[in-house]
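Hello,

Here is the structure I said I would pass on. My notes on it come after the file.

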Amino acid sequence: MRLIQVAQQAHDLQRAADFYSRLLGVQPAAVYDPPGLLFFDLEGVRLLLERGAPSSVLYLEVEDVRTSISVLQGEGVEVVALPRVIFHHGDGTLGPAGTDEWMAFIRDSEGNTVGLVSRHPPAVVRDSAPG
């Protein structure tokens, strides 16, 4: 089984198209208005923004969540939660073994919450005491 589509609520399709085009770095794949459907293709998974869809939380992988949040803040995007490590993948069950999963949350143009996720090797903690 493979995920092929995720739907998210969007009241204003043009505003949502502008927001997600900037966030995802791609243009919409298709718009059907009426009835009010906007599609993005995310490497074979369709993101459907639809007037009648319920609100959900999307989790999007980004290269570096800290950098992404900084850029988005500069563009005036509301940050709901700043980046932080939420999990260490010790065994590879839910992510690459030996990485820390960083997550932050933003509010999209339609009031929905979007999670941004990146995975990196743990930061090396240096002892600041003189040696």
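This is a predicted model: local features need pLDDT of at least 70, side-chain atom pairs count only at pLDDT 80 or more; totals for chains, interfaces and linings use all residues.

Where the two meet, 15 residues of domain 1 contact 14 residues of domain 2. About 1,100 Å² is buried between domain 1 and domain 2, and carbon and sulfur atoms account for 62% of that area. On the domain 1 side, the residues that lose the most area to domain 2 are Gln8, Phe19 and Leu23; together they make up 45% of what that side buries.

A salt bridge joins Arg15 and Glu110, with 2.7 Å between the closest N and O atoms. Six residue pairs are in polar contact across the interface of domain 1 and domain 2, counting pairs with both residues at pLDDT 80 or more.

Which elements of domain 1 supply at least two residues each to the side that touches domain 2? They are strand 1 (5-9) and helix 1 (13-24). Helix 1 gives the most to that side of domain 1, with seven residues. By residue class, the side of domain 1 that touches domain 2 has nine nonpolar, three polar and three charged residues.

Regards

Definitions and conventions: Residues are numbered from 1 along each chain as its sequence is written. Side-chain values use heavy atoms; hydrogens and water are left out. Contact means heavy atoms within 4.5 Å. Buried area is the accessible area (1.4 Å probe) that two parts lose on being put together, summed over both. A salt bridge is a side-chain nitrogen of Lys or Arg within 4 Å of a carboxyl oxygen of Asp or Glu. A polar contact is a pair of N or O atoms within 3.5 Å; within protein, one must be able to donate a hydrogen and the other to accept it, and residues adjacent in sequence count only if both atoms are side-chain atoms. Helices (H or I, at least four residues) and strands (E, at least two) are DSSP runs, numbered from the N terminus. Ala, Val, Leu, Ile, Met, Phe, Trp, Tyr, Cys and Pro count as nonpolar, Asp, Glu, Lys and Arg as charged, and the others, Gly among them, as polar.
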